[in-house]
Amino acid sequence: MRNVLVTGGAGFIGSHLVARLLAEGQWRVTVVDDFNDFYDPALKRRNVSAHLGREDFALHEADIRDRAALGELFAGAEFDVIIHLAARAGVRAAMDYEASGYEVINLGGSRTVSLSELIALLEGELGRKAVIDRRPTQPGDVPRTYADVSKARRLLGYDPRTPIEEGVRRFVQWFSSDGGR
Ligand SMILES: NC(=O)c1ccc[n+]([C@@H]2O[C@H](COP(=O)([O-])OP(=O)(O)OC[C@H]3O[C@@H](n4cnc5c(N)ncnc54)[C@H](O)[C@@H]3O)[C@@H](O)[C@H]2O)c1
């Protein structure tokens with residue numbers, strides 16, 4: 001068994017990763033998450049509730065910027081791998097966020113998708129029209145984004161293969177199922 005620490009492991013991506021690692025049966029998984037209220041923390045608690053009580057799972061409720069709490073965590077265990085997903089996802093939220101000293105690896109798709117295209121895909125999958133309230137450019141908005149994933153490719157062998165259409169379809173399926181409620 002190898003020890004893995006997943007920061008932000010109760011979040012959207014983290015909790016899927018944790019479920020996958022536990023299903024593989026070769027990992028002792030520790031999650032550190034502060035369950036902040038950036039969105040409903042009850043969703044995050046539900047994401048990890050099924051694992052509580054497992055011998056190969058530990059949950060630490062702490063802010064990763066809290067050096068004392070992290071010191072305790074690292075004193076109690078040695079990790080083979082650390083996967084850092086704790087973040088204020090989204091540019092606007094991140095602008096107000098004081099970061100710690102982790103290395104940053106950019107993950108994303110390599111094709112730019114416009115917001116209108118994304119909304120159209122969601123409308124198609126949900127079978128209903130979006131009510132759009134157009135606003136002026138907001139702080140942090142950029143006219144075009146394009147994720148440079150070369151570092152992730154080099155360090156992690158990252159090679160995203162799911163096209164946006166397929167990802168949105170699967171997301172809507174998940175969101176409309178018990179998993180998303
Ligand atoms: N969701 C996407 O489509 C997407 C795409 C590309 C990259 N990312 C990146 O992946 C990462 C995870 O995204 P997500 O969608 O799972 O977001 P999320 O908000 O669902 O998960 C982040 C988790 O981190 C926790 N967290 C935040 N700050 C913390 C802190 N200081 N200490 C401890 N825990 C903290 C939150 O409580 C949350 O559970 C983010 O860095 C995000 O920018 C997400």
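**The ligand shell and its setting**

Reply: Helix H1 (12–24) and strand E2 (27–33) each contribute at least two residues to the shell around the ligand. The model is a predicted one, and what follows should be read as a description of that prediction. Of the elements, H1 gives the largest share of the shell, namely three residues. In total, 22 residues surround the ligand, and the closest of them are Gly8, Gly11, Ile13, Ala86 and Ala87. By residue class, the shell consists of 12 nonpolar, five polar and five charged residues.

Strand E2, which supplies at least two residues of this shell, also belongs to an open sheet of four strands. The order of the strands in the sheet is E3-E2-E1-E4, and their pairing is parallel. At the edges lie strand E3 (57–61) and strand E4 (81–84), each of which pairs on one side only. From one strand to the next, the twist averages 15°. Between E2 and E3, which run parallel, there are five bridges.

Read from the N terminus, the elements follow the order β-α-β-α-β-α-β-α-α-α-α. The C-alpha trace of the chain spans about 50 × 35 × 35 Å along its principal axes.

Among the helices, one packing arrangement can be described in detail. Helix H5 (residues 115–126) packs against helix H7 (residues 164–176) at an angle of about 45°, and their axes are 10 Å apart. Because an angle of this size falls between the roughly parallel and the roughly perpendicular ranges, which are under 35 degrees and 65 to 115 degrees, H5 is oblique to H7. The crossing in which H5 passes H7 is right-handed. On the H5 side, the contact is made by Leu121, Leu122, Glu125 and Leu126, which meet Ile164, Glu165, Val168, Arg169 and Val172 in H7. The residues of this contact divide into six nonpolar and three charged, with no polar residue.

To return to the site itself, the shell around the ligand draws at least two residues each from H1 and E2, with Gly8, Gly11, Ile13, Ala86 and Ala87 as the closest residues.

Conventions: Residues numbered from 1 in each chain as written. Predicted model: local features only at pLDDT ≥ 70, side-chain atom pairs only at ≥ 80, totals over all residues. Near = placed C-beta within 6 Å. Nonpolar A, V, L, I, M, F, W, Y, C, P; charged D, E, K, R; others polar. Axes fitted to C-alpha atoms, helices over the stretch in contact; angles between N-to-C directions. Parallel < 35°, antiparallel > 145°, perpendicular 65-115°, else oblique. Left-handed = near helix turned anticlockwise from the far one by under 90°. Contact = placed C-beta atoms within 7 Å. Pairing = 2+ DSSP bridges.
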